[in-house]
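Work through the following exercises with the sequence and the coordinates open. Each task is followed by a solution in steps.

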Amino acid sequence: MKVLLLGGYGGFGARIARRLADAGHEVLVAGRSREKAEHFCACRPRLTPLRLDRDRDIAQALAVHRPAVLIDAAGPFQGLGYAVARACIAARCHYLDIADARDFVTGIGTLTEEARTAGVIVISGASSVPALSGAVVRALADGMDDVSAVEIAISASNRATAGTSVTKAIFSYIGKPISLWRGGRRTSGFGWQDVRSQDFMITGEAPLAGRLMGLADVPDLALLPDRLPGKPSVSFRAGTELRWQNRALWLASWPVRWGWIPNLARFAPLVLHAQRLTSSWGSDRSGMMVRAFGHIGRQAVERRWTLIASEGDGPEIPGLAAAIIVDRLARGDAPVGACDAGEMLSLSEFEPAFTQLAIRHEMAALPQPPPLYARVLGPAFASLPAPVRAIHTVLRDGGAQGRAMVTRGRNPVARAIAALFGFPPEGEHELHVAFAESGGVETWIRDFSGRRFSSQLSQQAQRLVERFGPLRFGFDLVADDKGLAMHLKRWWLGPVPLPLALAPRSLAREWEEDGRFHFDVPIALPLIGLVVHYCGWLQPAAESAGTSQQNAPDSVPRVLAG
C-alpha cells in the first residue's frame, strides 16, 4: 500500500516508516522540513521525502499522491480537531493516528457515519494506549466474572528521549485535574501526582526496580470502565527512569494545581534540552505493566502482564499497532467506520513484532487473599447477611452510596473534636463511601454531601484496627446471621497504648434491612458525651446506579436516626 506518514521522520514516525517499508509498503515521509525528510529517506528503499504542512497542504497532498492510508504521527493531539481525518474521508483515504489524547481519541466515533459513507476506516489511538493496553486488558479479563480494578503503568528508558510533541502533550496536563473512575463514581486526580514506586519483573530478566510514576491522562481512563464487567476503576501512571526527574515533575505540578501558572508547556524546550544532556545517566530499558483485579467465581485474583524492552527498543512499541493495522488494511481485514483502536487488536497480533525486538513479556495469575473482614472473622464471615458481606468484600477498589443521618454533640469540646476529625455536619446527607485496598489494608473515604473523612483498616491478630491519623482503635468483631457488631477493646496514640477507661464509647452495628446494608455508628467520650452519631444505608455503587429514584426512599428512616 502507499502510505502518507505525517511526522514521518520524528521519533515515533521514523520507526513506523522503517517498519512499513520493511513490510513492503511505499511510504511518503512527510513533514514541514524537506531537508529532514530527505536526510531520513536517503539510501532507504520505499521511502520518499515530502514537504507537507498538515494545517494547509493535506487536501492537496491527498489529491496529488492518492495514498491508500494516511498515518498521523505528528501530534500533539491535545486540543486538536479532526480536520486531517475529515480530509482523508473526503479523499476516500483510510486514516490512522497514534494519538493518546483522551478527548481526541474518545471523540473519533463522531466521524462514524461520514467514514462509512465514504467506505473508509478512521482509527484513533493506534499506539501503546489504547491499542496495546486495550488488547492486554481484554486478555487479562478473559474469563473473569467481574473486574474491580485495572492499573496500567509505563516507565520509559532515560535514553528514550521524548520528542517535542510528546513533551508538550505531557506538560499540557501536569498538575491539571484528570477525570478518573474510582470508588464506583467519577472523581479526579491531578497530572503527575499520586506518585508510586513500581517494580517490573519478568522471569529470567533483571528487574526494573523502584521506578517512580505519576498519574497521566490517557484514553483508557474513559474507555475501559464501560468495556469490562463490573465497571472497574482504571488508573494509568507514567514516568521516566530516573527518580529525580519524576520528583522534579511532581514538584512542578503543584504551581499548576494551585493555579499559579496555567500549565508547564512553556518549559518543554528547557526540559528537552536538560533531558538530552542527561540521557547517558540511565539505561536503555523500558517497562510496561497492566494489572487486572477481579473474581472468577468466588476466587479473587490478580492477573498481571509485564513487558520489559531492552537495547533501546522501548520506543518501537508505540508504532507497532499502526503497522499491524496497515497490514490488515492491505488484506482487506478491517470494517469501515470510525472508532478508537482500543478494541481492534488482540495481544497475539503484537507477538511477531515483539519477537523481532529485544522485548520480553509474560502474564501471571496471582490468587488474592480473602478480604480484610473475612480474615478477621474467619468462618463467621460466611454467616453475615449478603448485603453486609458485599460491602466488606473489597478487592483493590470499590464504592457504595446511599443516605445517612448525622447527629452532633452539643458540648463545645465534642464539637471541637468532631471538627478536628472532619466529621460531617448535623442533618441528612447523601453518602458515598470509596474503598481502596492494597497489601491487605483498606482505606475508607466517607463523603457526606461533600464533607469527607477517611480511615485505614487493617488486621492485628484476630482484631480489626482502624486508624484515624495518629490514633488507632482495636475492635473485636462479633458476627451472626443478623449482622455485625464492633466492640472497642484497645486504643493507641501512635505506638503508645492508652487507658481503655478514657476511650471513646462506640458500639458500631451493621445489618441487612430491605435488602440493603444498614449501619449505626455512635461515638461518645467520657465526661463529654456524644461527639457524633451517624446511621443510614448503603448499596454497592453498581447496584445503586441501577436503582431508580422512584424505588429509593427519600430519607433515612427516623428510627435509625436516633
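## Exercise 1: two helix contacts

Helix α1 passes helix α12 in a right-handed crossing. The model is a predicted one.

**Task.** Describe the geometry of the contact between α1 and α12, and state which residues make the contact.

**Solution.** 
- Step 1. Take α1 as residues 11-22 and α12 as residues 320-331; their axes come within 9 Å and cross at roughly 30 degrees.
- Step 2. On the α1 side the contact is made by Ile16, Arg19 and Leu20. On the α12 side the residues are Leu320, Ala322, Ala323 and Val326.
- Step 3. Sorted by class, the contact of α1 with α12 has six nonpolar residues, no polar ones and one charged.

**Task.** At what angle do α12 and α13 pack?

**Solution.** 
- Step 1. The angle between α12 and α13 is about 115 degrees, and the axes are 10 Å apart.
- Step 2. The crossing of α12 past α13 is right-handed.
- Step 3. From α12, Leu320, Ala321, Ile324 and Arg328 take part; they meet Glu349, Phe350, Ala353 and Phe354 of α13.
- Step 4. By class, the contact of α12 with α13 holds six nonpolar, no polar and two charged residues.

## Exercise 2: the parallel sheet

**Task.** Give the strand order of the open sheet with parallel pairing, and find its edge strands.

**Solution.** 
- Step 1. Seven strands are ordered β3-β2-β1-β4-β5-β6-β15.
- Step 2. β3 (47-51) and β15 (337-340) are the edge strands, each pairing on one side only.
- Step 3. From one strand to the next the twist averages 15 degrees.
- Step 4. Inspect individual pairs. β4 and β5 run parallel and are joined by four bridges; Val69 has His94 in β5 as its bridge partner.
- Step 5. β6 and β15 also pair in the parallel sense, over four bridges, and Ile121 stands opposite Gly337 in β15.
- Step 6. Follow the side chains of β5: His94 and Leu96 point one way, Tyr95 and Asp97 the other way, and all are buried.

**Task.** Which residues of helix α4 are buried, and against which elements do they pack?

**Solution.** 
- Step 1. α4 spans residues 83-90, and its buried residues are Val84, Ala85, Ala87, Cys88 and Ile89.
- Step 2. These buried residues pack against β1 (2-6), α3 (58-65), β4 (69-72), β5 (94-97), α6 (112-118) and β6 (121-124).
- Step 3. Relative to the sheet, α4 lies across β1, β4, β5 and β6 and runs at about 160 degrees to β5.
- Step 4. After α4 comes Arg92, which has a positive phi near 55 degrees.

## Exercise 3: a cysteine pair

**Task.** How many disulfides does the structure hold?

**Solution.** 
- Step 1. The count is zero.
- Step 2. For Cys88, the nearest cysteine sulfur is that of Cys93, 4.4 Å away.
- Step 3. Cys88 counts as buried because its relative accessibility is 0%. Cys93 is buried with a relative accessible area of 1%.

## Exercise 4: the mixed sheet

**Task.** Which strands stand at the edges of the open sheet with mixed pairing, and why is one side of each left without a neighbour?

**Solution.** 
- Step 1. The order of the seven strands is β10-β11-β12-β7-β13-β14-β16.
- Step 2. β10 (196-200) and β16 (359-367) each have a single partner strand, so one side of each has no neighbour in the sheet.
- Step 3. The twist averages 25 degrees from one strand to the next.
- Step 4. Within the sheet, β11 (residues 208-215) and β12 (residues 233-240) pair in the antiparallel sense over two bridges. Leu215 has Arg237 in β12 as its bridge partner.
- Step 5. Helix α7 (residues 128-141) packs on the sheet, touching β7, β12, β13, β14 and β16, with its direction at about 35 degrees to that of β13.
- Step 6. Helix α13 (residues 347-355) lies across β14 and β16 and runs at about 140 degrees to β16.

**Task.** Is Gln245 buried or exposed?

**Solution.** 
- Step 1. Locate Gln245 in helix α10 (residues 243-257).
- Step 2. Its relative accessible area is 10%, so Gln245 is buried.
- Step 3. Leaving aside residues up to four places away in sequence, Gln245 touches Asn158, Thr240, Gln275 and Thr278.

Conventions
Residues numbered from 1 in each chain as written. Predicted model: local features only at pLDDT ≥ 70, side-chain atom pairs only at ≥ 80, totals over all residues. Heavy atoms only, no water. Axes fitted to C-alpha atoms, helices over the stretch in contact; angles between N-to-C directions. Left-handed = near helix turned anticlockwise from the far one by under 90°. Contact = heavy atoms within 4.5 Å. Nonpolar A, V, L, I, M, F, W, Y, C, P; charged D, E, K, R; others polar. Buried < 20%, exposed > 50% of the residue type's maximum accessible area, 1.4 Å probe, protein only. Pairing = 2+ DSSP bridges. Disulfide = S-S within 2.5 Å.
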